[in-house]
Amino acid sequence: MRAIITGVGHFVPDRKLTNNDLKQLVETNDEWIISRTGIKERRILEKDKGVSYMAVKAAEMVIEQRNISAAELDLIIVATSTPDIMLSATAAIVQKELKATNCWGFDLNAACAGFVYALSVASQFIENGKHKKVMVIGADKMSAMIDYEDRNTCILFGDGAGAALLEPSNDDNLGIEDFILHLDGSGNKYLNIAAGGSLLPASHKTVDKRMHYVYQDGKTVFKRAVIGMADVTTKIMKKNKLTNNDIKLLIPHQANLRIIDAVAKKLGFNQDKVFINLDKYGNTTAATIPLAMSEAYRKGMMNKGDRIILSTFGAGFAWGSLLLKWAID
Ligand code: COA
């Protein structure tokens with residue numbers, strides 16, 4: 001039994017935060033941001049809404065496209081690092097809003113690698129015959145965790161969500177073919193939100209020290225992301241005896257255009273084989289890959305039978321690549 005993607009959807013808030021808007025907040029400028037990151041604008045969710053709002057909208061788009069009822073879902077996995085609340089799971093809030101009355105679910109936190117991790121997990125429940133419909137969502141409201149006084153991070157991130165439905169197929173020429181995932185906790189110190197968890201619960205001190213915001217050593221993350229995504233993509237292609245000609249589209253994590261260009265160069269992929277939308281959204285963490293996948297599909301860039309590679313890198317460090325054959329007409 002193969003797990004195939006039968007529907008994809010996405011949601012981004014209407015409000016745009018442009019490079020010129022950021023110029024009002026920190027010492028930066030449009031030219032620097034575009035030349036160093038490729039990002040022109042990001043989307044920002046209203047303050048009074050949580051990440052579940054976007055996750056539900058993305059899932060609803062999938063449900064509508066696939067023309068099913070939410071009650072048919074067996075499992076909902078929400079990949080996020082920015083849950084609505086610390087307890088309970090965002091998956092529970094999404095389940096309630098969707099009225100998915102016959103499922104279970106959980107959150108998965110692997111930062112930017114969350115969606116690829118979640119897709120890999122979900123495929124196991126399909127392949128072993130346990131479930132027939134699994135909704136996999138990647139969603140993050142990064143604007144809630146970003147210090148808009150820190151120019152090293154505030155230029156990079158935005159809010160968004162994407163979702164995909166996994167179902168079984170007897171056609172073993174379609175669907176998820178393979179994945180290779182990695183985790184290296186020694187990377188934690190280079191990219192994290194230090195406070196707000198059980199180690200350092202919120203206190204006056206953690207707030208005063210701005211420890212509830214994303215911290216990043218950009219240069220180290222940059223280097224590790226390039227090496228990580230290029231190496232794991234090479235590995236999965238070699239393992240499956242594939243050359244560049246066999247791949248229709250590489251959908252990389254959207255963090256920085258220079259990271260994507262360096263990965264593509266190492267792999268020898270032409271630009272037309274690499275999907276990019278970070279100019280419009282910035283880094284939406286767990287949402288980047290499903291948001292990109294949904295847009296690429298709607299732009300007609302993936303047809304049934306095309307081989308696609310999803311490749312990701314994020315906090316942890318957590319990274320990996322997933323190989324699939326597109327199954328939607
Ligand atoms: N606007 C203007 N100048 C800025 C700036 C900004 N927003 N941010 C930094 N600068 C300045 C620096 O202070 C530095 O000035 P100096 O030379 O006088 O010290 C100069 O620009 C170069 O900074 P540097 O940090 O070397 O830039 P960079 O080319 O490494 O780019 C990042 C910084 C953050 C864009 C880059 O490191 C990056 O994208 N890292 C990985 C991010 C990522 O992928 N994160 C998520 C992974 S999931």
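The ligand lies between domain 1 (2-169) and domain 2 (175-325), because both give residues to the shell around the ligand; the domain bounds come from an automatic or database domain assignment. The model is predicted, with local features needing pLDDT of at least 70 and side-chain atom pairs counting only at pLDDT 80 or more, while totals for chains, interfaces and linings use all residues. Residues are numbered from 1 along each chain as its sequence is written, and side-chain values use heavy atoms, without hydrogens and water.

The ligand is surrounded by 22 residues, each with a heavy atom within 4 Å of the ligand. Among the closest are Thr28 and Arg36. A polar side-chain atom of Thr28 is 2.6 Å from a ligand nitrogen atom. An N or O atom in the side chain of Arg36 lies 2.7 Å from an oxygen atom of the ligand, and a polar side-chain atom of Arg258 is 3.0 Å from a ligand oxygen atom. Of the 960 Å² that the ligand exposes when taken alone, the protein buries 74% (accessible areas by the Shrake-Rupley method with a 1.4 Å probe).

Two or more residues of the shell come from each of helix H2 (30-37), helix H7 (218-239), helix H8 (257-267) and strand S12 (307-314). Helices are DSSP runs of H or I with at least four residues, and strands are runs of E with at least two, numbered from the N terminus. H7 gives the largest share, four residues. The shell comprises eight nonpolar, nine polar and five charged residues; Ala, Val, Leu, Ile, Met, Phe, Trp, Tyr, Cys and Pro count as nonpolar, Asp, Glu, Lys and Arg as charged, and the others, Gly among them, as polar.

Terms used
A polar contact is a pair of N or O atoms within 3.5 Å; within protein, one must be able to donate a hydrogen and the other to accept it, and residues adjacent in sequence count only if both atoms are side-chain atoms.
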